[in-house]
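This report describes the fold of a protein chain and the pairing in its sheet. Please read it beside the sequence and the coordinates.

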Amino acid sequence: MKKVFALIVAVLMAFAVMPVGAKTTDPLKGAVGTDLSAVHAPYLVAGGQSSTTDFLTAEDFASHALTVLTIWDSNCGYCKAEMPFLQRLHDEVPDLLVVGVCTQQTFLGGTYAAGWNYLQANGYTYLNVKPDSVLGGLFTYMDGVPYNFLVNSEGIVVKMIEGAMMSWNETCEEIGPVLAQYTDRQCTVSYVENVNGTVFATEQLTVGQVPTYSVTAPTIEGHTFQGFTPAATNPCPVLSDTVITANYIPRSMKVQFFDSITNTKIATKYTSWGNPVVPPAAPEHEGYTFVGWDHDLSCIKEKLDVYTVYYEGTPLPGDVDLDGQVSGTDALIVLRAAMELQVITDAEQNMGDINGDGVVDSSDALLILRASMGL
Ligand SMILES: [Ca+2]
Ligand SMILES: [Ca+2]
């Protein structure tokens, strides 16, 4: 219904305001072929004013392979939705000029001041202008906002994009093949895995070509490959150097906790590879002190069965190996752990942290050594 109405309006407008024969463009292609080289549109400056010194002119078209004229209004939600992609074009694509054309009243009643404020508030830094009579002429092809017009270096409209580009992929698909007609710039595609951030493959493409994804995602210990972003099933023509991320997730690790005295299971827990696991509360047994668990629980890299460690009676502080005496052997275990020469169990960590600061380090080793010497 909206389309039919728009069509009727367009037909009425065509008869009402356009001199017959004034436009030579194919109506099916809209504005394609329109010559904008006479443009002289003032930059939109602070507060929504017109610059009196800076104007968009044919020179700006001439100095870029392609220009995106994006016609927008500060009251238009779809316009705002595509602005991050326009900013990305501005930031990343060196031979492309992005120019916002801020409309006033024409479509949704937005104002230049509101447009200016929206740009500032959201950090959009691409050029914005007010329409002059040349750019205003494009409005006759539009039944709303946003519209994007691609303009070649001679100032000729070569493509009209109706409605917002709602994703980066869509933006690349709309613009890539057109930009490719005007540049043979090379782009590097880097394939990066998201665990260590390593680039594991690259390929060279020209603008508008599509990444091949003909790479093998590396095997990463403890992780499962989940696919690429952007997805290989939805490849995106390149406009500039591009990163494709290979996504991995850590594997789930099952840890079962057992009571070493009754030989019964206390709990089953899951953690992701390389992460700690939080143990359950240990059962109490008459005459025994619970010391800890018989594995290191700070970094789980395999499926584990973990048992409680009990000491009959009360252990001596610093008796890491629970042999009933504090000796140089206990100090050596702690020193080796502190130097990362040896992984010690949860129980050994609890006994070795003699100063109770939550870490096992060389100061614990020294204290244990002094204790063993009766100092
Ligand atoms: Ca000992
Ligand atoms: Ca300590």
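## Terms and conventions

Two strands pair if DSSP finds at least two bridges between them, while helices (H or I, at least four residues) and strands (E, at least two) are DSSP runs numbered from the N terminus. This is a predicted model, in which local features need pLDDT of at least 70 and side-chain atom pairs count only at pLDDT 80 or more, whereas totals for chains, interfaces and linings use all residues. Residues are numbered from 1 along each chain as its sequence is written, and chains are lettered from A and ligands numbered from 1 in the order in which they are written.

In the order 13-12-15-14, 4 strands form an open sheet with mixed pairing. Strand 13 (264-272) and strand 14 (288-293) each have a single partner strand and stand at the edges, so one side of each is left without a neighbour in the sheet. From one strand to the next the twist averages 30° (axes are lines fitted to C-alpha atoms, and angles run from 0 to 180 degrees between N-to-C directions).

Strand 12 (residues 252-259) pairs with strand 13 in the antiparallel sense over 8 bridges, and Lys254 stands opposite Tyr270 in strand 13.

## The whole chain

The protein chain has 9 helices and 15 strands. Its radius of gyration, taken over C-alpha atoms, is 34 Å, well over the 21 Å that the globule rule (2.2 Å times the number of residues to the power 0.38) gives for 375 residues, so the chain is more spread out than a compact globule. Along the principal axes, the C-alpha atoms fill a box of roughly 105 × 45 × 40 Å.
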